[in-house]
Amino acid sequence: MSRLRFRLGTRAWVRAASISGNRCCIAHSPLWPGEFLSTLLKIIGKFARTVLPRRGGGCRCCNRRELMKAHLLSIAAALAATAFGVSGVSAQERTVHVYNWSDYIDESILQDFTKETGIKVVYDVFDSNDILETKLLAGGSGYDVVVPTAPFLARQIQAGVFQKLDKSKILNLSNLWPEISARLAKYDPGNEYAVNYMWGTTGIGYNVDKVKKALGDTPLDSWDVLFKPENAAKLKSCGVNILDASDETFAIGMNYVGKDPDSKETKDLEAGGKVYSDIRSSAKTFNSSSYIDDLANGDICITIGWSGDILQAKTRAEEAKNGVNIEFSIPKEGTYMWFDNLAIPADAKNVAEAHEFINYLMKPEVIAKASNYVQYANGNLSSQKFIDKEVLENPAVYPTEEVTKKLFTISPYGPKEQRVLNRLWTQIKTGK
Ligand code: N2P
């Protein structure tokens, strides 16, 4: 839009100076955008006025020679403005469109990025990989940076959805944590398309007092708390939420019943799904974003949830001083460990800005600021010296080695397997 205005401005100026006949008029174009350009115009305009002293209205009659001079001058001005002005204009107008998970950044980071680079951030959020994938596969999403979870990233790379990163433009990649990059390379061989943003686990978030009231001294270190139908029934009245993320919930369900969490066999998926259909009647909601506030406000008392989301709920409750005491547990049977990653769609319009944005996020102090706020671990080793002690030393954020051994990852679903998963999950959610 602004570039169009710039072109109009250039044309308007040239035209204004070359009115046919005996009249010539040198005028500042009101359409001309940008401080740089207006300064340039002032200088050139001043020069033009010296050659062609202005009379009332900025126009005067002039002879052929003068008209020719004005004409040439105006063309030179337009060319100069085009040559020098484009970078001036685009520095002012540069934008990056980012599509990230909800509750996943300290928004002051976006403002700081704009202050430092002049690039405006248009920031939208989603709360499921399925939503992101639908947009990416349809094409023309309009996003320059997106954040898929690893198995989705892998199949989206296969589908040609992303462009390779130009690593020469992301010098802060030198700060990455080799162990996390190696894990990510299972999904993105050679780490060509993506950079880890955050990683974490999917566990149980609960309201300590309400769950104790409902279940007495039942230990909270096992999925039994939620998956045993008799426990779920007791928790029903204080509010049970299930994360609306079928790939994860099925993997966790299959693991719970002793199957391979990465199985894609229909019978295993059915067995994993049964864990949820057995407790369906006790579930209040299937949600992956507003559940943070619901837990913080006491509207639900237990949820399957992402580590940092639960810790953010805890922080919100503490800040609200509402007496709600929240904890997160990584169940002893093990759980899913996931990786969310920054990638650039193949059809991104602002590729240079996307690289700058990723590079900025990978500054150790910047990504540490994000981790401190969202309470998720990140894949940047150099950032750890900037991470608050309470975050870095919280095993719910950076699990101990012993716990890490029980964490599993999953591979992407193929199209047919995905259809089975979708069908089963819809049946569970609708209770049919
Ligand atoms: C942040 C959600 C983390 C996404 N609200 C887990 N993939």
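Helix α7 gives three residues to the lining of the second largest pocket in this predicted model, the largest share from any element. Two elements supply two or more lining residues, α7 (178–184) and α18 (401–404). The pocket holds about 190 Å³ of space. Its lining is made up of W177, E179, I180, R183, W199, M337, Y398, P399, E401 and T404. By residue class, six of these are nonpolar, one is polar and three are charged.

The largest nonpolar core comprises 116 residues, and Y197 and I302 have the most contacts inside it. Strand β6 (residues 194–207) provides seven residues, the largest share of this core.

The disulfide count is one. The bond joins C238 and C301, with the two sulfur atoms 2.0 Å apart. This pair connects distant parts of the chain, 63 residues apart. C238 sits in the loop between α10 (229–235) and β7 (240–242), while C301 sits in the loop between α13 (291–297) and β9 (302–306). The S-S torsion of C238 and C301 is about 55°, and the disulfide is therefore right-handed.

| Residue | Relative accessible area |
|---|---|
| C238 | 14% |
| C301 | 0% |

Buried means under 20% relative accessible area. C238, at 14%, therefore counts as buried. C301 is buried as well, because its relative accessibility is 0%.

How values were computed
Residues numbered from 1 in each chain as written. Predicted model: local features only at pLDDT ≥ 70, side-chain atom pairs only at ≥ 80, totals over all residues. Heavy atoms only, no water. 1 Å grid on protein atoms, 1.4 Å probe; cavity = no way out; pocket = protein on both sides within 12 Å on 5 of 7 lines; lining within 4 Å. Points joined across faces, edges and corners; volume = space filled by probe spheres on them. Helix = DSSP H or I, 4+ residues; strand = E, 2+ residues; numbered from the N terminus. Nonpolar A, V, L, I, M, F, W, Y, C, P; charged D, E, K, R; others polar. Core = buried A, V, L, I, M, F, W, Y, C linked by side-chain atoms within 4.5 Å. Buried < 20%, exposed > 50% of the residue type's maximum accessible area, 1.4 Å probe, protein only. Disulfide = S-S within 2.5 Å.
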